[in-house]
Amino acid sequence: MANVERLATKLESLGLESLTKKEEAVRFYRKLKIGGPYLWFLWLKMKLAQWRYRLRARSAGITFLSDLPKDPYLGLLLRLCIMDMRFNLSPDADAYKRPDPLETEAIACIESLARVPQQEVKWGKKTTPEFYPELNKLFLAKAIKS
């Protein structure tokens with residue numbers, strides 16, 4: 001979880017908030033089917049912001065952005081990815097609850113490990129190891145070889 005938070009903070013520091021605001025504005029106008037020169041101007045600002053964000057990310061050593069699913073809204077997709085990675089590290093359902101807290105924790109750990117391949121399919125083979133480096137190594141070393 002600490003690694004996910006560290007990576008999320010790094011992505012935020014590169015200007016993720018500013019990028020998502022521009023993308024939300026374009027998405028809003030497109031959703032209402034309002035066009036014209038203002039939408040074109042917003043779209044141009046959004047594309048420029050996405051380009052600058054990718055450059056900043058590449059210079060900061062973040063290489064998994066090209067592996068993300070194709071989406072016109074990079075910042076919104078990154079936010080969704082971060083939230084999904086956080087959620088899948090701490091699965092919470094009644095089926096996982098046991099009277100013994102150690103048993104509950106063990107089930108949550110096993111469930112998190114089992115979700116690694118699902119995350120790879122959903123977010124890409126480069127993205128998952130960036131967010132879950134140790135969990136990914138454990139999955140590849142133990143679960144696949146067994």
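1. Contact here means heavy atoms within 4.5 Å. By that rule, and leaving aside residues up to four places away in sequence, F64 touches L7, L11, L78, K126, T127, E130 and F131.

2. A quick word on the model: it is predicted, so local features need pLDDT of at least 70 and side-chain atom pairs count only at pLDDT 80 or more, while totals for chains, interfaces and linings use all residues. Residues are numbered from 1 along each chain as its sequence is written, and side-chain values use heavy atoms, with hydrogens and water left out.

3. Now the rings. Rings of Phe, Tyr and Trp (its six-membered ring) pair if their centres lie within 6.5 Å; planes under 30 degrees apart are stacked, over 60 edge-to-face, and the rest tilted. That gives three aromatic pairs. F28 and Y29 sit 5.5 Å apart, centre to centre, with planes at 80°, so they are edge-to-face. Ring pairs also join F28, Y29 and Y38 into a cluster.

4. F64 and F131 are edge-to-face too, at 5.6 Å between centres and 65° between planes. Both are buried (under 20% relative accessible area; exposed is over 50%, partly exposed in between, with a 1.4 Å probe and protein chains only). F28, at 47%, is partly exposed, and so is Y29, at 23%.

5. Finally, the nonpolar cores: sets of buried Ala, Val, Leu, Ile, Met, Phe, Trp, Tyr and Cys residues joined through side-chain atoms within 4.5 Å. The largest has 26 residues, and F64 and F131 are among those with the most contacts inside it. A second, separate core of six residues includes L39, L42, Y73 and L76.
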